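Keep the model open and try each task before reading on.

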Amino acid sequence: MAGPLSAPTSTRARSIASSTSPAASPNLGSHDLGVARAAAELYRAKRFPLLVFSGATSPTTAARFPRGEAVHYREYALESGVPDKSVLLEPNATNTGQNISLSREVLADAGVQPSSVLLISKPYMERRSYATARKVWPEIEVVCAAESLELDDYVSSIGDPKLVIDMLVGDLQRVIEYPKLGYAIEQSVPGKVHDAYQALLRAGFDSRLLSS
C-alpha cells in the first residue's frame with residue numbers, strides 16, 4: 001500500500017533496521033491483527049530484541065479484541081513463537097500519541113533507553129505514526145514498518161471494505177490537521193492525494209473524521 005504519503009515499506013524497514021539495530025519495536029494497537037503478524041515476522045528475522053504491544057480498546061476494536069488490542073497482539077505473538085521475555089505490554093493507550101509515549105514509559109520501566117525504534121502500525125498509518133513519534137519522542141530515531149499487502153488483499157484481511165476506506169480517510173485527515181493541534185510534525189501532502197481525499201469524502205467515506 002505504499003504511495004506518496006507512505007513512510008518506508010516493511011521491505012525497506014527491514015533493510016534500515018538491519019543497519020541501525022533498533023533496541024525495541026513499539027507496536028500500535030488497532031483493529032488490524034496484521035500489526036502483530038508483522039511484528040512477529042520481524043522479530044523472528046532478528047531485526048530487534050524486544051516488542052512493546054500498546055493499546056486499550058476503541059469503538060472499532062472492542063468487538064474484535066474484547067480484552068484489549070495489546071493483549072490480543074501479545075497472545076498472537078506468543079502463539080507465533082515470540083518468547084514471553086521479549087514482549088512488553090502497554091494496555092492503556094487510546095490514541096497514537098499515547099501508544100508512543102506510554103510505550104516509552106514501559107521501556108524505561110524495563111531499564112531500556114533506546115536510541116532507535118522500529119515502529120509498526122497499519123500500512124496506511126506509517127506516515128502519521130512517524131509524524132507523531134517525531135513530535136512526542138523527538139530524540140529517538142524512528143523507522144516505520146507495516147505488513148506488506150496489496151490493497152485488495154489488505155481489505156480482504158480486514159473483511160470490511162468501508163471500514164478500511166473510512167479509516168484511511170480519517171488517518172489522512174489527522175496527518176493534515178494534527179500538526180495544527182500540536183500532536184504531530186508537519187508532513188507534505190501532494191495535491192493528487194488531497195484530490196483523492198476530497199473525492200472519498202464526497203463518496204461518503206467519513207465515519208472516522210475528527211469531530212468539529
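**Exercise 1. Find which residues of H7 meet which residues of H8, and describe how the two helices cross.**

*Solution.* This is a predicted model, so please read each step with that in mind.

Step 1: On the H7 side, pick out Ile 165, Val 169, Leu 172, Gln 173 and Ile 176; their partners in H8 are Val 193, His 194, Tyr 197, Leu 200 and Leu 201.

Step 2: The contact of H7 with H8 holds 8 nonpolar and 2 polar residues, and no charged ones.

Step 3: Turn to the geometry. H7 spans residues 161-181 and H8 spans residues 191-202; their axes come within 10 Å and cross at roughly 130°. That angle makes H7 oblique to H8, because roughly antiparallel would need an angle over 145 degrees.

Step 4: H7 passes H8 in a left-handed crossing.

**Exercise 2. Work out at what angle H6 and H7 pack, and which residues make the contact.**

*Solution.* Step 1: H6 covers residues 151-158, and the angle between H6 and H7 is about 115°, with the axes 8 Å apart. H6 is therefore roughly perpendicular to H7, a class that takes in angles from 65 to 115 degrees.

Step 1: The hand of the crossing of H6 and H7 is right-handed.

Step 2: H6 brings Tyr 154, Val 155 and Ile 158 to the contact, while H7 brings Pro 161, Leu 163 and Val 164.

**Exercise 3. Describe the crossing of H4 and H5 and sort the residues of their contact.**

*Solution.* Step 1: The axes of H4 and H5 come within 9 Å, crossing at roughly 50°. The two helices are therefore oblique to each other.

Step 1: Their crossing is right-handed.

Step 2: From H4, the contact uses Thr 96, Gly 97, Ile 100 and Arg 104; from H5, it uses Arg 128, Ser 129, Thr 132, Ala 133 and Val 136.

Step 3: Here the count is 3 nonpolar, 4 polar and 2 charged.

**Exercise 4. Locate the largest pocket and say which helix gives the most to its lining.**

*Solution.* Step 1: Look for Thr 94, Asn 95, Thr 96, Arg 128 and Arg 208, which lie nearest the centre of the largest pocket among its 29 lining residues. The volume of this pocket is about 560 Å³.

Step 1: Ask which elements give two or more residues to the lining. They are H4 (96-109), H5 (126-136) and H7.

Step 2: Of the contributors, H7 gives the most, with 5 residues.

Definitions and conventions: Residues numbered from 1 in each chain as written. Predicted model: local features only at pLDDT ≥ 70, side-chain atom pairs only at ≥ 80, totals over all residues. Heavy atoms only, no water. Axes fitted to C-alpha atoms, helices over the stretch in contact; angles between N-to-C directions. Helix = DSSP H or I, 4+ residues; strand = E, 2+ residues; numbered from the N terminus. Parallel < 35°, antiparallel > 145°, perpendicular 65-115°, else oblique. Left-handed = near helix turned anticlockwise from the far one by under 90°. Contact = heavy atoms within 4.5 Å. Nonpolar A, V, L, I, M, F, W, Y, C, P; charged D, E, K, R; others polar. 1 Å grid on protein atoms, 1.4 Å probe; cavity = no way out; pocket = protein on both sides within 12 Å on 5 of 7 lines; lining within 4 Å. Points joined across faces, edges and corners; volume = space filled by probe spheres on them.
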